[in-house]
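This report looks at how parts of a protein meet, first within one chain and then between two chains.

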2 protein chains.
Amino acid sequence: MKVVKTVAELKDFVRAEKNAGHQIGLVPTMGFLHEGHLALAEKARKDNDAVIMSIFVNPLQFGPNEDFERYPRDVERDTKLAAAAGVDCLFVPEVEEMYPAPSVVTMTVAARTDKMCGVKRPGHFDGVVTVVTKLFHLAQPDKAYFGLKDAQQFAVIDGLVNSLNFPVEIIGVETIREEDGLAKSSRNVYLTEEERIQAPYLQKALQLGVQSAVQGEKSTEKVIERTISYLQEHAGAAVDYVELLSYPELEPLEQVQGKMVLAAAVNYSKARLIDNIIFNVNEGR
Amino acid sequence: MKVVKTVAELKDFVRAEKNAGHQIGLVPTMGFLHEGHLALAEKARKDNDAVIMSIFVNPLQFGPNEDFERYPRDVERDTKLAAAAGVDCLFVPEVEEMYPAPSVVTMTVAARTDKMCGVKRPGHFDGVVTVVTKLFHLAQPDKAYFGLKDAQQFAVIDGLVNSLNFPVEIIGVETIREEDGLAKSSRNVYLTEEERIQAPYLQKALQLGVQSAVQGEKSTEKVIERTISYLQEHAGAAVDYVELLSYPELEPLEQVQGKMVLAAAVNYSKARLIDNIIFNVNEGR
């Protein structure tokens, strides 16, 4: 596996692969890799001739009071894991390499962002689409892989690609979970021992909500209420939001119908956890 | 020459060229082709295996009181001219094909735009970078060709490409002129007979300004004043602006030094004309 730190080296790698007629798969990450990231890499490995993984904690997508500085990092361990997962080129740029000068053009997400995590994280998705645009232009992937745990991020990137005609197919990969159902996340390391025991109830609550919707509950409010009350009873965390929206448009629904996401965020003492279920309810004909 | 109206057909053309290992040159235009556009196409023809020209009057880059509706169009004539210039694929989409839905992501030009034409045309360059981004993603050119008559547009696209790491080399092509020096422009058809006689003084005034700078005038204000007074005396038009800025950064200068653009815009009764000279003054060592 090649490990490159500069844009110039990455371009050399990409040029050689393109000249060889190879299909490229890109796995953008912020590092501190867990099984969720590795599942993306393994899927990319199966689908493509060459796999590029990027590790870049993107300052542009962190708010001033968020955890940019203390976001967990372990490049040495990540390098071993990426190599073992079949990555061909690991791109690990410094901030100055990605943002050498103030940007002449800024990107703003105009939809799919005034709900779920977007409400509490103004500018977050602007930073996401900017770095994803830069990575797409640098790596020129045929396919790019994103985890569906970040359901809103995937919806926003779907909007980015469609609105601006990127020649990239984006692939959403199912969330990888611990045995007890807790979604794998780099931020799980922030949980206390007790919180770690309670955290799986986040997914259980969502399953309960989806179950009621699939079994015929038509009121979005009732699905949401059921999910919230189960969370409050079992998860031991402050509920930030529970939302049921169309997917990937993330529009409010008059009733339970079509392709939807039931999503939640909860706050533990030092960790904000998110999870979701994307599902379908199709009524009659 | 292939004439295509849909994104899907253009993608098919691009895919076939890419699979053949061909280099692609893109010439984005708003049509009503003149020798300036054809010079771009001929340069693209020399440099590349395949030449794509787009003709699209982009509503996003016109202000509410600008000439979007009455902007001159003649696709039949353009098609013949493009074929004769060696274009391989002419992309002529309808507005709905380029903007089928409200964009999830918007692009804003954050620099190089609060001067020259950008002052009077708020949002204009936002529309330019959006459509150029879409065309770059659709045509996937190795090189893209733009006329230097729109010096600010070229500077903004230079900023777009560098800030967002587009894998495209942009080529600025010298302005093509009538025998009397008037820059070719689709908007020249708006000139009255008398105005057509006066219009070449726009370029003459800029030449005079540049001459004084090259001959040792260090004061940017004096270079600008000289250009304005010559314009006022001879061009028979209302002077919108004359500016002398660094190029391509378009920053104000303390004194005449380095790579610069001397640019002007004037208003005739029904036509706003622009012109510029990009030049160098390098002092000592």
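## Terms and model

Buried area is the accessible area, taken with a 1.4 Å probe, that two parts lose on being put together, summed over both. The size of an interface is often given in this way. The model is predicted.

## Two domains in chain A

Chain A splits into domain 1 (2-173) and domain 2 (186-278). Their centres, taken over C-alpha atoms, lie 26 Å apart. Domain 1 of chain A puts 23 residues into the contact, and domain 2 of chain A puts in 20 residues.

About 1,900 Å² is buried between domain 1 and domain 2 of chain A. Carbon and sulfur atoms give 54% of that area. Which residues of domain 1 lose the most area to domain 2 of chain A? They are A:Lys115, A:Met116 and A:Lys149, which together make up 29% of what the domain 1 side buries.

## Polar links and make-up of the domain contact

The two domains of chain A share 2 salt bridges. A:Lys120 forms a salt bridge with A:Asp240. The closest N and O atoms of A:Lys120 and A:Asp240 are 2.7 Å apart. There are also 13 residue pairs in polar contact between domain 1 and domain 2 of chain A, counting pairs with both residues at pLDDT 80 or more.

On the domain 1 side of chain A, helix H5 (117-120) and helix H7 (151-163) each supply at least two residues. H7(A) gives the most to this side, with 5 residues. By class, the domain 1 side holds 10 nonpolar, 4 polar and 9 charged residues.

## Chain B against chain A

The contact between the chains takes 26 residues from chain B and 26 residues from chain A. The buried area is about 2,300 Å². Carbon and sulfur atoms account for 61% of the area buried between chain B and chain A.

How many salt bridges cross the interface of chain B and chain A? The count is 0. Polar contacts do link the chains: 13 residue pairs, with both residues at pLDDT 80 or more. On the side of chain B that touches chain A, strand S5 (105-109), helix H6 (124-139) and helix H7 (151-163) each give two or more residues. H6(B) gives the most, with 6 residues. The chain B side divides into 14 nonpolar, 10 polar and 2 charged residues.

## Strand pairing across the chains

Strand S5 (residues 105-109) of chain A pairs with S5(B). The sense is antiparallel, over 5 bridges. A:Val109 stands opposite B:Val105 in S5(B).

## Backbone geometry

Most residues other than glycine have a negative phi, and most peptide bonds are trans. Some exceptions follow.

In chain A, the peptide bond from A:Tyr247 to A:Pro248 is cis, with omega near 10°. A:Pro248 sits in the loop between strand S8 (238-246) and strand S9 (258-267) of chain A. In chain B, a cis peptide bond joins B:Tyr247 and B:Pro248, with omega about 5°. B:Pro248 lies in the loop between strand S8 (238-246) and strand S9 (258-267) of chain B. B:Leu250 is placed in the loop between S8 and S9 of chain B. B:Leu250 is not a glycine, yet has a positive phi of about 60°. A:Phe32 also has a positive phi, near 50°. The place of A:Phe32 is the loop between strand S2 (24-29) and helix H2 (35-47) of chain A.

Key. Residues numbered from 1 in each chain as written. Chains lettered and ligands numbered in written order. Predicted model: local features only at pLDDT ≥ 70, side-chain atom pairs only at ≥ 80, totals over all residues. Heavy atoms only, no water. Domains from an automatic or database assignment. Contact = heavy atoms within 4.5 Å. Salt bridge = Lys/Arg side-chain N within 4 Å of Asp/Glu carboxyl O. Polar contact = N/O pair within 3.5 Å; in protein donor to acceptor, adjacent residues only side chain to side chain. Helix = DSSP H or I, 4+ residues; strand = E, 2+ residues; numbered from the N terminus. Nonpolar A, V, L, I, M, F, W, Y, C, P; charged D, E, K, R; others polar. Pairing = 2+ DSSP bridges.
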